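Please look over the sequence and the model before reading on.

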Amino acid sequence: MPVTSAVRDRCRALLRQGEEIRYVFPALSIGPPGVANFLIVVTDRSVSVLATRMLRSDRPVSLYAAFPRATRLGPITMAPGPVIQVGEMFFEFEEEYAAVVAAADAEVFDPELLPPDPLPHL
């Protein structure tokens, strides 16, 4: 299920001015430094990892890490659910967001695989 426009607005408030959000998905860090909820936000310029409130994973509170947009999110491994590595951290996420991860990578690394945007005005 896509994140709501309210969550996107909260994320936008923590990004650099003018960045256009392309993809957002919730993720759970696994392994060191510990388990915590995050939102992974892919914009036209960066991949940002936003820390969220302890019991409210839809409420980002700070920018935890930022990477250049050319950062590859995949490959997705299964352990037992889908897992990606961003920087030194590993994130588990719901299987429904695997298509989001694949699309974010395809946008930069394999743009010919993406279908045309059916609603470019949104």
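## Arginine 69

Beyond its neighbours within four places in sequence, R69 is in contact (heavy atoms within 4.5 Å) with Y23, V42, T43, D44, R45, S46, V47, A104, E107 and V108. This is a predicted model, in which local features need pLDDT of at least 70, side-chain atom pairs count only at pLDDT 80 or more, and totals for chains, interfaces and linings use all residues. Residues are numbered from 1 along each chain as its sequence is written, and side-chain values use heavy atoms, with hydrogens and water left out.

R69 is found in the loop between strand 4 (60–68) and strand 5; helices (H or I, at least four residues) and strands (E, at least two) are DSSP runs numbered from the N terminus. R69 counts as buried because its relative accessibility is 10%, where buried means under 20% relative accessible area, exposed over 50% and partly exposed in between, with a 1.4 Å probe and protein chains only. A polar atom of the R69 side chain lies 2.8 Å from the backbone oxygen of A104.

Strand 6 (residues 82–86) has four of its five residues buried. Strands pair if DSSP finds at least two bridges between them. Strand 5 (residues 77–78) runs antiparallel to strand 6, joined by two bridges, and T77 has V83 as its bridge partner in strand 6. Three residues separate strand 5 and strand 6, which form a hairpin.

Strand 6 is also joined to strand 7 (residues 89–92), by four bridges and again antiparallel. V86 stands opposite M89 in strand 7. The hairpin of strand 6 and strand 7 has two residues between the strands, and G87 in the turn has a positive phi of about 65°.

## Pockets

A pocket is an open set of points on a 1 Å grid over the protein atoms alone, where a 1.4 Å probe fits, with protein on both sides within 12 Å along at least five of seven lines; lining residues have an atom within 4 Å of a point. The largest pocket holds about 770 Å³ of space. It is lined by 23 residues, and R8, I21, R22, Y23 and D117 are the closest to its centre. Strand 1 (21–30) and helix 2 (98–109) each give two or more residues to this lining.

The second largest pocket holds about 250 Å³. Among its 15 lining residues, P26, A27, L39, S57 and Y97 are the closest to the centre. Strand 1 gives the most to this lining, with three residues.

Definitions and conventions: Polar contact = N/O pair within 3.5 Å; in protein donor to acceptor, adjacent residues only side chain to side chain. Points joined across faces, edges and corners; volume = space filled by probe spheres on them.
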